[in-house]
Amino acid sequence: MQDFPVWEPPMGGTEQQHLFGMLDRLRTTFRYKADGLDIRQLATKLPSSQLSLGGLLQHLALVEDEKFTYFIAGQRPEVLLELTADGREQFVVDLDEDPEVLYQRYDHAVAKSRKIQQSIIEEGTLDADSGLEFEGKHASIRRIICDLIEEYGRHAGHADLLREAVDGRVGEDAPWDYLPAWYRE
């Protein structure tokens, strides 16, 4: 039997291993669906939607930054501030932008989140309060991770449809030998 890819959840393990394994598989699947496109392809939309793969790259970079950097680590959310500083809409792709900027922004946000994720694993803090507060109650880090898994699940489905419309690429997961930048650092 072949070894599973590093981004595949374990066949058996703890809740924490499964949560982060599911998140990493969704991140990898999404990144594979968006990979290797030029700026026009990244801006491609379906007639029924304003979503594009480039817009999703920007949005998920912002969400990673908001959830991990701001709500969990309590640090300055750089991607969020960068994209909102000049009034940019996170889902709108600038056709004059280098596509590598979109990819690097996303890859950097995930790499940073995964470092914070590693701290959560080492410290066992899934049940700790996050910085997200609603009506005087703080959401746990576990809740933030589950929300992010839900967010990726929704957008991985969008990415399936968008990528198929761009060049016909289909498939449930990334190929086993696909390794996003954040695993190579």
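Let's start at Arg 27, which sits in helix α1, residues 15-34 (helices are DSSP runs of H or I with at least four residues, strands are runs of E with at least two, and both are numbered from the N terminus). Keep in mind that this is a predicted model, where local features need pLDDT of at least 70, side-chain atom pairs count only at pLDDT 80 or more, and totals for chains, interfaces and linings use all residues. Residues are numbered from 1 along each chain as its sequence is written, and side-chain values use heavy atoms, with hydrogens and water left out.

Arg 27 is buried, at 0% relative accessible area (buried is under 20%, exposed over 50%, partly exposed in between, with a 1.4 Å probe and protein chains only). Beyond its neighbours within four places in sequence, Arg 27 is in contact with residues including Glu 64, Tyr 106, Gln 117 and Trp 182 (contact means heavy atoms within 4.5 Å).

Now over to the strands. β1 (residues 129-134) and β2 (residues 137-140) run antiparallel, joined by three bridges (two strands pair if DSSP finds at least two bridges between them). Asp 129 stands opposite Ser 140 in β2. The two strands form a hairpin with two residues between them, and Glu 135 in the turn has a positive phi of about 50 degrees.
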